[in-house]
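I opened this notebook to keep a record of what I looked up, chain by chain. The entries follow the order in which I went through the model.

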Amino acid sequence: MGTVNIKINGVSYTANQGITVLEAVREAGIDIPTLCYLRGVSEIGACRICLVEIKGQRGLVAACVSPVADGMEITTTSPRIMDARKKNLELILSTHNKKCLSCVRSGQCELQDLSQIYGVEDEDRYAGAIPESEIDQTAGHMYRDNSKCILCRRCTVVCSQDQDVGVIGANERGFKTYIGSAFDQGLGETACVGCGQCIVVCPTGALSEKDHSGEVWAALSDETKHVVVQPAPAIRFTAGEAFGMPVGSNVKGKMVAALRRLGFDAVFDTEFGADLTIMEEANEFVERIKNGGVLPIITSCSPSWVKYAEHNFPEMLPNLSTCKSPHQMFGAIVKTWYAQKNGIDAKNIVVVSVMPCTAKKLEKERDDQNAAGVPDVDIVLTTREFANMVKKAGIDFVGLPDENFDDPLGQATGAGTIFGATGGVMEASLRTASEWIAGEELKSVDFHEVRGTKGIKEATYKIGDLDVNVAVASGLANAHQLLEKVKSGEKDYHFIEIMACKGGCVNGGGQPIQPASVYNFVDLRGERAKTVYRQDADTPLRKSHENPSIKKLYSDFLGKPGSHKAHELLHTSYKPRSKHGWD
Amino acid sequence: MGTAVKIPFKGTAQQKSELYKVIEENANVRGALMTVLQKAQDIYGYLPIQVQEMIADGLGLPLEDIYGVVTFYAQFSLYPRGRNIVSVCMGTACYVKGAGDLYNDLCERLKIKDGECTPDGKWSLDACRCVGACGLAPLIIINGDPYGRISVSDIAEILKKYD
């Protein structure tokens with residue numbers, strides 16, 4: 001690719017041809033503010049905040065949609081630019097609900113930050129009519145408050161392009177424009193899959209998960225309740241970000257210490273549930289191969305993927321593994337085996353899941369997620385809600401010592417750890433299934449081909465006499481593409497892993513929110529995943545079937561993988577849903 | 001949920017096959033949505049959810065994409081035409097003479113807004129531009145019959161004629 005010579009604020013630079021002014025200026029170490037731009041996804045130049053001057057052009061130019069050209073002279077800091085950015089912010093604020101103190105995003109709001117930086121003196125400078133709106137509370141996992149929406153359209157773009165869901169978009173026009181669903185269905189009535197990626201990209205407080213931390217505080221203060229917590233594999237690699245730590249910090253020990261200080265009676269680990277999932281799923285895979293069952297088998301731990309399949313690929317539901325997701329399996333074991341062993345009535349146990357995921361809030365409400373006659377999981381919190389609880393409790397997260405999970409349900413292997421990144425469930429399954437099929441120990445537990453943040457990955461592994469074809473997709477648009485090839489017969493796989501969120505759970509919709517400047521220019525998926533695999537490499541046991549607590553669970557209670565009891569407690573079923581929602 | 005979905009859909013097999021033909025002709029044409037929507041409105045007279053779902057499935061687009069375009073352009077309607085069409089002139093002369101009050105009263109009485117149709121199909125309401133009869137301001141027109149120089153208190157009596 002060729003290069004061009006440009007000047008930025010009078011200083012000469014060489015930039016790659018084809019990149020935008022925004023990217024070139026960023027490479028020169030200058031951050032141009034943006035509100036609507038999402039790199040590679042949404043480049044519509046609508047918010048008019050990234051304005052710059054280009055010599056020879058009459059008006060100000062939107063840096064996000066202007067390609068660099070040879071000889072271009074760019075100014076990013078003139079009084080004219082600063083004034084224009086400030087005016088545009090004031091215009092955006094003219095219809096914005098400015099109840100900032102009580103806003104969920106106060107202190108983390110991109111509009112608020114920019115208003116401060118550009119010196120907005122009067123947020124009511126252009127006071128006038130305000131479009132009417134109601135808060136949409138119809139979905140179980142989140143709400144939309146359009147009075148805080150600035151119509152940047154980032155949410156609609158991730159919903160339709162990254163996720164191939166497309167249940168939200170801009171309706172009406174001009175002053176009446178609002179983001180909503182077809183025929184003003186509530187989000188909960190649509191084919192929304194609950195992934196929460198819209199929340200992660202929202203620059204303001206228009207979108208947020210429903211906060212269930214109040215229920216946790218109540219349970220913790222109720223002496224009749226035995227409150228058990230389980231954080232997902234992905235939480236330990238992201239929670240630090242909510243406390244100002246760098247992207248990619250592994251805060252496993254601090255996370256455990258914080259949970260203990262919040263007052264949970266037992267701090268266990270969803271990674272135990274992940275190891276258990278592998279036992280059941282690898283067994284299901286081996287059985288389907290041996291007995292001519294439905295192939296490819298497709299993973300079922302991502303609830304957004306499951307709901308997406310129910311709406312869009314009902315004919316492929318028999319391909320889905322019948323395994324419950326790891327935190328649901330975990331809850332089922334807590335309320336049966338753990339309850340019996342400790343002589344606690346399951347009704348008095350409260351299982352709290354800390355998840356990277358908003359869809360887990362919907363998943364726990366599904367049919368058939370109540371192995372002991374009570375819900376497997378009682379409350380689901382996102383990483384963000386967990387971080388807020390820690391802050392509310394006044395716990396100095398960054399200064400905490402490292403602590404260990406409680407036994408026995410806190411014991412896990414590296415196979416459970418890698419559930420947090422795309423390809424992880426596949427790799428963990430292969431580590432176990434390979435040894436079961438071939439009947440001998442693996443030489444290496446590393447399956448490098450299924451790692452990495454590419455949207456679709458493929459590999460073929462020789463297991464015993466069998467060439468096993470596998471594929472991994474993350475991001476539902478990628479999953480769609482992959483499944484169409486399977487349906488048409490173009491591709492033939494034995495095993496497919498699908499994660500709804502690009503990059504897997506470390507980038508889930510419940511994870512700490514990063515502003516556009518980070519989201520667009522830091523490889524969040526890559527950095528978070530690196531820590532996942534580092535932790536796996538540092539773990540002594542890396543195969544689920546070697547987890548001593550898992551072995552004990554089977555010998556004491558479940559029998560063997562796929563047993564009648566395991567099926568009763570740990571497996572579930574799916575139902576076709578209509579393509580356009582309403583059910 | 002909007003009021004549009006409460007109106008019973010009375011599409012015929014003939015209309016459906018016409019729409020499928022239009023969709024088929026345009027299924028692989030990029031940017032064909034406007035054409036398909038215009039023809040669909042010609043066939044059905046309006047674009048209810050049943051029609052928009054057929055178009056969404058036929059063109060492989062999310063329903064919300066269709067609805068976003070339909071609500072963006074004034075040429076598309078989510079409502080069928082009622083048996084009686086009430087137009088309120090909102091031209092300058094009528095407006096200063098109180099057309100806004102007439103319009104608001106009609107909205108309240110019929111429980112619909114501009115461009116909508118009552119669920120029983122009896123009434124449509126339009127707020128239209130100047131019809132050129134400023135001497136009669138404020139003016140409403142029902143099925144072509146003009147009622148000029150009226151006030152809110154006359155409306156009940158006028159509507160009764162169409163019972």
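**Entry 1: domains of chain A**

I began with the division of chain A, which is assigned as domain 1 (3-77), domain 2 (122-209) and domain 3 (214-570). I kept in mind throughout that this is a predicted model. I then looked up how domain 1 of chain A stands to domain 3 of chain A, and found their centres, taken over C-alpha atoms, separated by 41 Å. The contact draws six residues from domain 1 of chain A and four residues from domain 3 of chain A.

**Entry 2**

Within chain A I turned to strand E1 (residues 3-8) and strand E2 (residues 11-16), which run antiparallel and are joined by six bridges. One pair that I wrote down is Ile8(A), whose bridge partner in E2(A) is Val11(A). E1(A) and E2(A) form a hairpin with two residues between them, and in the turn Asn9(A) has a positive phi of about 50 degrees.

I also followed E1(A) to strand E5 (residues 73-75) of chain A, where the two run parallel and are joined by two bridges. Here Lys7(A) has Glu73(A) as its bridge partner in E5(A). As a reminder to myself, strands of a sheet pair through backbone hydrogen bonds, either parallel or antiparallel.

Next I looked up an open sheet of four strands in chain A, with the order E12-E17-E16-E15 and mixed pairing. Why is one side of strand E12 (297-298) and of strand E15 (456-463) of chain A left without a neighbour in the sheet? Both strands stand at the edges, each with a single partner strand, so one side of each has no neighbour there. For E12(A) I checked the pairing with strand E17 (residues 495-499) of chain A, which is in the parallel sense over two bridges. Ile298(A) has Ile496(A) as its bridge partner in E17(A).

**Entry 2: chain B as a whole**

I then moved to chain B, in which there are six helices and four strands. Read from the N terminus, its elements run α-α-α-α-β-α-β-β-β-α. Chain B is divided into domain 1 (8-72) and domain 2 (84-160), and the C-alpha centres of these two domains of chain B lie 31 Å apart. Along the principal axes, the C-alpha atoms of chain B fill a box of roughly 55 × 30 × 25 Å. Of the 163 residues in chain B, 31% are buried. When I took the contacts in chain B between residues at least 6 apart in sequence, 62% of them joined residues at least 24 apart.

**Entry 3: a helix pair in chain B**

The crossing of H2(B) and H3(B) is right-handed. H2(B) contributes Leu33(B), Val36(B), Ala40(B) and Tyr44(B) to the contact, and H3(B) contributes Val51(B), Ile55(B) and Leu59(B). Sorted by class, this contact of H2(B) with H3(B) has seven nonpolar residues, no polar and no charged ones.

**Entry 4: the sheet of chain B**

The sheet of chain B is open, with four strands in the order E2-E1-E3-E4 and mixed pairing. Which strands of chain B are the edge strands? They are strand E2 (123-128) and strand E4 (145-148) of chain B, each of which pairs on one side only. Neighbouring strands of this sheet are turned against each other by 20 degrees on average, direction ignored.

Strand E1 (residues 84-89) and strand E3 (residues 139-142) of chain B pair in the antiparallel sense over three bridges, and Val88(B) has Ile140(B) as its bridge partner in E3(B). I also noted that helix H5 (residues 92-110) of chain B lies across E1, E2 and E3 of chain B and runs at about 150 degrees to E1(B).

**Entry 5: where the chains meet**

Last, I looked up the interface, in which 14 residues of chain B are in contact with 15 residues of chain A. On the side of chain B that touches chain A, the elements giving two or more residues are H3 and helix H4 (63-72) of chain B. H4(B) gives the most to this side, with seven residues. By class, the residues on this side of chain B divide into eight nonpolar, three polar and three charged.

Key: Residues numbered from 1 in each chain as written. Chains lettered and ligands numbered in written order. Predicted model: local features only at pLDDT ≥ 70, side-chain atom pairs only at ≥ 80, totals over all residues. Left-handed = near helix turned anticlockwise from the far one by under 90°. Contact = placed C-beta atoms within 7 Å. Nonpolar A, V, L, I, M, F, W, Y, C, P; charged D, E, K, R; others polar. Domains from an automatic or database assignment. Pairing = 2+ DSSP bridges. Axes fitted to C-alpha atoms, helices over the stretch in contact; angles between N-to-C directions. Buried ≥ 20, exposed ≤ 12 C-beta atoms within 10 Å, placed from the backbone.
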